[in-house]
Amino acid sequence: MALFAMADLHLSLGCDKPMDVFGGQWVDYVKKLDEYWNYMVDPDDTVVVPGDISWAMKLEEGEPDFKHINELNGKKIFIRGNHDYWWNTPSKLRKFFSEKKFDSISVLQNEAVFAEGFVICGSRGWLCENKMSEEDIKILNREAERMQLALKDAKRLRDEKEAETGIAPEILVFMHYPLTQLQVVRSNPIVEVIKNYDVSRVFYGHLHCYPESRLVKNVSGLEHILISSDHLRFTPYRISQ
């Protein structure tokens, strides 16, 4: 069983939001996504999907997208993105997915889970740039608090597994937003939270058509890995062997 990740599925099967207006790489992207996903991912594997999952505005409107994802191979773990307007409280999301029998989908917010030998946690995050409004700073600080809750739970899970097996599993952090887009890193409270835990890899999405040469691949000693769907050419990123 293996762990994969891919952000920014941007499905719109229940609403009119074509993605090919954003460039040729998005032409027939759902077909590519289905083919490459099911080729790479086995039914017993797990895929983390950190945000921008569906263009739906309401949860019910996203049902065709969630049904489509549910039928793809593997178990899926959802984390919220900035365009996931349908996102609700975790309890309401779980109730909805359970009622619709979308049994391969789970949601992650303010907590951690153990999957495929890793402890998985994360949050949406928020932009961190040189010029930010007071509202942006407020949201960023709130997301840092969410990350603190998630990592606290991740540490608990890791310690339990170490006590049980003698091996401490790696904690992986997944976010929708990058920790930074700047070569010179603005102080980000989320980075400071993550550095208090034994984390070495952070996976993120959000960026599209972004030049490889401009990607910030190391943030304060954290490996910073872009997993947006178009960047991966719609092929899930394999984390474990």
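Buried here means under 20% relative accessible area, exposed over 50%, and partly exposed in between (1.4 Å probe, protein chains only). These views show a predicted model, in which local features need pLDDT of at least 70, side-chain atom pairs count only at pLDDT 80 or more, and totals for chains, interfaces and linings use all residues. Residues are numbered from 1 along each chain as its sequence is written, and side-chain values use heavy atoms, with hydrogens and water left out.

**View A. Helix α2 and its cover.** Helices (H or I, at least four residues) and strands (E, at least two) are DSSP runs, numbered from the N terminus. Look within α2, residues 63-71, for the buried D65, F66, H68, I69 and N70. Their cover includes the helices α1 (29-40) and α3 (90-99), along with β3 (75-79) and β4 (105-107); contact means heavy atoms within 4.5 Å.

**View B. The six-stranded open sheet.** Reading across, the order is β5-β6-β7-β8-β10-β9, with mixed pairing; two strands pair if DSSP finds at least two bridges between them. β5 (112-115) and β9 (218-219) are at the edges with a single partner strand each, so one side of each has no neighbour in the sheet. Helix α4 (134-165) packs on this sheet, touching β5, β6 (118-123), β7 (171-175) and β8 (199-204).

**View C. Strand β10 and its partners.** β10 (residues 222-226) pairs with β9 in the antiparallel sense over two bridges, while four bridges join it to β8, in parallel. Four of the five β10 residues are buried, so the strand is largely enclosed by the rest of the structure.

**View D. The β9-β10 hairpin.** Two residues lie between the strands, and S220 in the turn has a positive phi of about 50°.

Note on methods:
Axes are lines fitted to C-alpha atoms, for helices over the stretch in contact, and angles run from 0 to 180 degrees between N-to-C directions.
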